[in-house]
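Welcome, and thanks for taking a look at this one. Please have the sequence and the 3D view open side by side as you read the briefing below.

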Amino acid sequence: MTLPGEPTAGFESPASKVLIEEDLDRGRFRVHRSTMTSPAVLSAELERVFGRCWLYLGHESEIREPGDYVRRSVGGRPVFVVRSARTGEIHAFHNTCTHRGAVVCRRDRGNSKVFQCFYHAWSFDTDGKLVGVPDREAYGGGLDFDELGLAHVARLESYRGFLFLCYDPDAVDLRTYLGEAADYLDLIIDAAVDGVEIITGTHEYGMDANWKLLVENSVDGYHAVPVHDTYFKYLAELGSESRLTGSGRGRDLGNGHAVVEGEAPWGRPTARWEPIFGEQAKVVIERIRADLTARHGAERAHRMADTSRNLLIYPNLIVNDIMAVTVRTFMPTAADRTEITAWQLAPLNEHPDLRRRRLDSFLTFLGPGGFATPDDIEALESCQQGFASGGVEWNDISRGMARDARLTDEEQMRAFWRRWSSQVERRGAPVGSR
């Protein structure tokens, strides 16, 4: 497997010269199945997609205090982000010692003024500066402490608290990259009076399937009824009024970003009450809803309270703004293996009853042992198993090309694949594509 940054200039589409086929006249959009199985494709993705796009790193609420840090694997590379103990500025570093390469930050989160490599005890402060070398006299004064500081990632920017990094120093700025996708982050952030925070704790799990299958699944309204039937029956037994209306649509947001949005079929702690929340919560939610209307007007308040959306920020960030707000990333470790991490986003100073309901939904629907995620993983692993059967070369993603997009159509998936093709195959989408 090619490591991030290694050249893949000789890459050619395996099994076919074309991996993405779009025919507007016939209303057909096809994806070659080798995109899901080929190690050569994965190698190209590591360089051309994950090595060049803005990738979600974390949220500023995770590092509130000077010296706070979290470490992550982003785009397949170990990094960590820290708030400077001296200036309060946020830095993101490649997690490798400049001496002999060992990982410097060895805990997932914490607070520290110094990071010491356990191998030879070289030490670095929260600004990345080399501040300690045992027996430095052995170098005879030839050790350049400034030159040997931790390496910053090429680019680090924040959009309203959401931290992204990019390994390409020539990439466009983050706000330009996000484009229309930023509007959907704004819906979440603006609904909270005091701002938002990532709740401590993660879901971490994996699946034996290609990462792009999870991209498709995350913005797919077509599978909800057949795959998640058990969940809706469970809600009905609890007395929930949740039901799928089918209203809404998918949208291409540009730059590979996409969203599927529609009337919420369930209660939402944001400001949509339903009986299973209890009468006590009703008073609180009505108060929140009145505040939303006063601050944002009836139309925007309705979107915040009564609609749900699954947002894809290309290539691998999903924000599920549904019965709770889940921030989820995933990364391939092989063509048929993906590692997934999810966090829960919530308003600061949220009412305890609503926070409890939010966390319950995070666990019971989107958790790795909940109602939705095991169903989805079973479906995606089944697809990966089916690819091994052979005999069929193409996946069809044409649904909705002959009409205005609906909730169960696939326009949002085509948006992802066009961007993917422009990077991996280095081909543009045809004029008039939609």
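Two strands pair if DSSP finds at least two bridges between them. Strand 16 and strand 17 (residues 317-321) meet that condition, pairing in the antiparallel sense over five bridges. Keep in mind that this is a predicted model.

**Strand 16 and its partners**
- Strand 16 and strand 17 form a hairpin, with three residues between them.
- Within this pairing, L311 has V319 of strand 17 as its bridge partner.
- Strand 15 (residues 257-263) also pairs with strand 16 in the antiparallel sense, over six bridges.
- Here V260 stands opposite N310 in strand 16.

**Burial of strand 16**
- Strand 16 spans residues 307-313, and seven of its seven residues are buried.
- Both faces are covered: one side carries T307, R309, L311 and I313, while the other carries S308, N310 and L312, all of them buried.

**A look at K129**
- K129 sits in the loop between strand 9 (123-125) and strand 10 (130-132).
- K129 is partly exposed, with a relative accessible area of 39%.
- Leaving aside neighbours within four places in sequence, K129 is in contact with S123, F124 and D146.
- The side chains of K129 and D146 make a polar contact at 2.8 Å.
- The C-alpha atoms of K129 and L148 are separated by 7.7 Å, with the two residues 19 apart along the chain.

**Confidence**
- The protein averages a pLDDT of 90, and 88% of the residues score at least 70.
- Over residues 429-434 the pLDDT is below 50.
- Residues 1-10 also have pLDDT under 50.
- Where pLDDT is low, the predicted coordinates should not be read in detail.

Methods
Residues numbered from 1 in each chain as written. Predicted model: local features only at pLDDT ≥ 70, side-chain atom pairs only at ≥ 80, totals over all residues. Heavy atoms only, no water. Helix = DSSP H or I, 4+ residues; strand = E, 2+ residues; numbered from the N terminus. Buried < 20%, exposed > 50% of the residue type's maximum accessible area, 1.4 Å probe, protein only. Contact = heavy atoms within 4.5 Å. Polar contact = N/O pair within 3.5 Å; in protein donor to acceptor, adjacent residues only side chain to side chain. pLDDT = per-residue confidence, 0-100.
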